[in-house]
Structures are given as structure tokens and as C-alpha cells.
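Please read these notes with the model open beside you. Take the points in order and find each residue as you go.

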Amino acid sequence: MINYETIKNNPTQFLAMTSMKLPEFEYLLDHFEPHWENYHRHFTLTGERRKRPVFEDYSNDSLPGATNKLFFLMVYLKTYTLQQCHSALFEITQGKTSRMVKILQPLLNKTLTEMGCMPSSKPEEIQKMLEKLHTPSIIVDATERTIPRATDYGVQEEYYSGKKKDHTVKNNILATDWQEIAYLSPSHEGKKHDKKICDEEDYQFPEGIILRKDTGYQGYNPPGVVVEQPVKSSKKNPLTIEQKKHNREISSKRVVVEHTIMGCKRLRIVKERLRKFCWETIDSTMRIASGLHNFRVRSPLRVYARTPAHVKFKFYS
């Protein structure tokens, strides 16, 4: 059996199993604990409302306290083991593992939202969010995740991505120069083009902001922004030396968004193929991964040198 008290004494192992350093985990725990205690006081693990409030854990609880609950969830999100395997690691039943994950994920989502780590999910909030972050530029890109193949042929065709040669869902991401995710779009079918998502969601940007994009967004020119995009080549019009140099300069700035996506996919639950086709699970896991990435970006223990002081946490020095 693994437990928090044992793993926390091995910093390398703790980071590998939770994607967080111990001081970061403890800081997150301080904000998570009230949400867990409030839920436990009024609801059972099956989601039924208690007849009278409960103020202490049961003596036979296999995961006592908010600390073990958060550690249990973070290990699950980071490693994404089979639930039977996860049950064996914590010496509980598979049914309890499933119930705990369903309860704890929304509580973690609520915690990260209250801490201000969650990216915006509404296109009409983008302008306000970017003004709050005081960022002079923004980078747009899309990321795809593999999902189980549906049994219905029509659904299969809708979610088949020719680019990935697999069945996927896609999210648009708007990232700052210091790798924070300012906006995460709802999940779309993998077949949908990146630019079409932008057109449908109709993003509104602050006047004069620099928008960096790749050739997948060719023709997307929202009003009031300064667009930076690589020049697209063709057989009849190969790139000149100046154009190649220009493209390298743009790519060196755009690579930040690739690092941002990589930061989200530290959690294997959004890197590997989902084992359950459920829109609520597909969206919530990506939002939690994005929120945890933003949490790490704001951590003083991380080497994100470009993160401005006004968004950094001050929980340790």
C-alpha cells in the first residue's frame, strides 16, 4: 500500500506521482480541505444527503482526512492507472475508487477556480481575462486527445482526425508568453478545423494585442489585433531566404504554446486514450489539467522566469 506519509519523504518520487512538489501540494491542500470537509459533512460517498451533519472521519476510513483524499486523486490523474490497479495500491475496492474520483474531481475543479488558476471557458470573457493578466501578446493553438472509437459509424466519422489518424477530441488554447493558459475552449470533435473553432466561438481581443498563430489559422484575422503568422509556402511559390528567417523568428516565439500543452499533458489522463467516452469527463479532465498547469506556472519553485510578479503566488520564498 502507498500513502502520503511515506511518499512525501521522497521528493523525486512525490513529484513523479503527483506532478507537484511537496510545498505546492500543501498549499493546494489548504484550499482543498474546506471543500472536502463541507462535502463530507453533508453528503455520503454515494452522493446522498446525510440526515445529520458529520464532523469527523469514520474510524475505519481507508483514506482518512483531506490530505489522503487529495493525494489519492493526484496520483490517479498523474498516472491514470486502471482503477483495479489503483484500488490495489490504496487497498480499497474498485467501486470505492470510482466513487471517490467522481466526488473529488469536481471539488478540485472548484478549488482551482477559487484560487484563480482555471482558464476562462467562455469566449466573451477572453478580453476581460487578457486585460487582467496585462499580457501584450497571446498565442493560439489547438491540442488533440485520443478517445475510444464509437460503435456507431456516423459518430466514428465525425471524430476521426485525419491529422492524427485516430479518433480524437480537440481544444483551442490561448496561452500567454509565460505559458499560462488564459482560455480553454470546450472540447470539439477531432474532425473540426482549428480555424473553424475560432470562427464559431467568435473570440474578442483587447485592442492592439499581438496574436501569434500557425498556418492552421490561415485567414483568421480578428479585428483590432496585430497578427504574427508564418508565411505559407507552396510548390509554385517556395519560400525566400527572408521568409524562412521570418518564419524561424515567429516559431521561436510560438514554441511557448507547445511547452504549455506539454505542461498540461504531464497528467497522463489527458495524454493517453480516455477509457470512457463521456463529454463531462472529457471536458472536466482537460480543465483540471489546465488549472494545475497554471498553478505550477504561478509557483515560485518553478523555473518560469517570465511569469510576472502580479500573478505569482507568495506562499513561500
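1. Start with Phe295. Its relative accessibility is 0%, so Phe295 counts as buried. Buried means under 20% relative accessible area, exposed means over 50%, and partly exposed lies in between (1.4 Å probe, protein chains only). The model is predicted: local features need pLDDT of at least 70, side-chain atom pairs count only at pLDDT 80 or more, and totals for chains, interfaces and linings use all residues. Residues are numbered from 1 along each chain as its sequence is written, and side-chain values use heavy atoms, with hydrogens and water left out.

2. Phe14 and Phe25 are both buried, and we return to them below. Phe295 and Phe313 form a tilted aromatic pair, with 5.7 Å from centre to centre and 50 degrees between the planes. Phe295 sits in helix H12 (residues 279-297), while Phe313 is in the segment after H12; the two are 18 residues apart, and the pair links distant parts of the chain. Phe313 has a relative accessible area of 10%, so Phe313 is buried. Rings of Phe, Tyr and Trp (its six-membered ring) pair if their centres lie within 6.5 Å; planes under 30 degrees apart count as stacked, over 60 as edge-to-face and the rest as tilted. Helices (H or I, at least four residues) and strands (E, at least two) are DSSP runs, numbered from the N terminus.

3. How many aromatic pairs does the structure hold? The count is 16. One of them joins Phe14 and Phe25, edge-to-face, at 5.4 Å centre to centre and 90 degrees between the planes. Phe14 belongs to helix H2 (residues 11-18) and Phe25 to helix H3 (residues 22-42), so this pair ties together parts that are eleven residues apart in sequence. Ring pairs also build a cluster from Tyr4, Phe14, Phe25, Phe71, Phe72 and Phe90.

4. Go back to helix H12 for Met286. Is Met286 buried or exposed? Its relative accessibility is 1%, so Met286 counts as buried. Contact means heavy atoms within 4.5 Å. Setting aside neighbours within four places in sequence, Met286 is in contact with Thr143, Arg145, Asn171, Ile173, Leu184, Cys264 and Val270. Ser299 is 13 residues from Met286 along the chain, and their C-alpha atoms are separated by 20 Å.

5. Two residues deserve a check of their backbone angles. Most residues other than glycine have a negative phi. Ser19 is not a glycine, yet its phi is positive, about 70 degrees. Ser19 is found in the loop between H2 and H3. Its relative accessible area is 2%, so Ser19 is buried. Lys165 is also a residue other than glycine, with a positive phi near 55 degrees. Look for Lys165 in the loop between strand S2 (160-161) and strand S3 (166-175). At 62% relative accessibility, Lys165 counts as exposed.

6. Where does Phe277 lie? Phe277 is in the loop between helix H11 (268-271) and H12. Its relative accessibility is 36%, so Phe277 counts as partly exposed. Not counting residues up to four places away in sequence, Phe277 touches Ile147, Pro148, Tyr159 and Ile282. Tyr27 is 250 residues from Phe277 along the chain, and the two C-alpha atoms are separated by 33 Å.

7. Lys271 lies in helix H11. With a relative accessible area of 49%, Lys271 is partly exposed. Tyr80 is 191 residues from Lys271 in sequence, and the pair is 9.4 Å apart in space, C-alpha to C-alpha.

8. Last, step back to the whole chain. It has twelve helices and seven strands. Its radius of gyration is 21 Å, close to the 20 Å that the globule rule gives for 317 residues, so the chain is as compact as a globular protein of that length. That radius is taken over C-alpha atoms, and the globule rule is 2.2 Å times the number of residues to the power 0.38. Along the principal axes, the C-alpha trace spans about 75 × 55 × 35 Å. Of the 317 residues, 50% count as buried. Among contacts between residues at least 6 apart in sequence, 63% join residues at least 24 apart.
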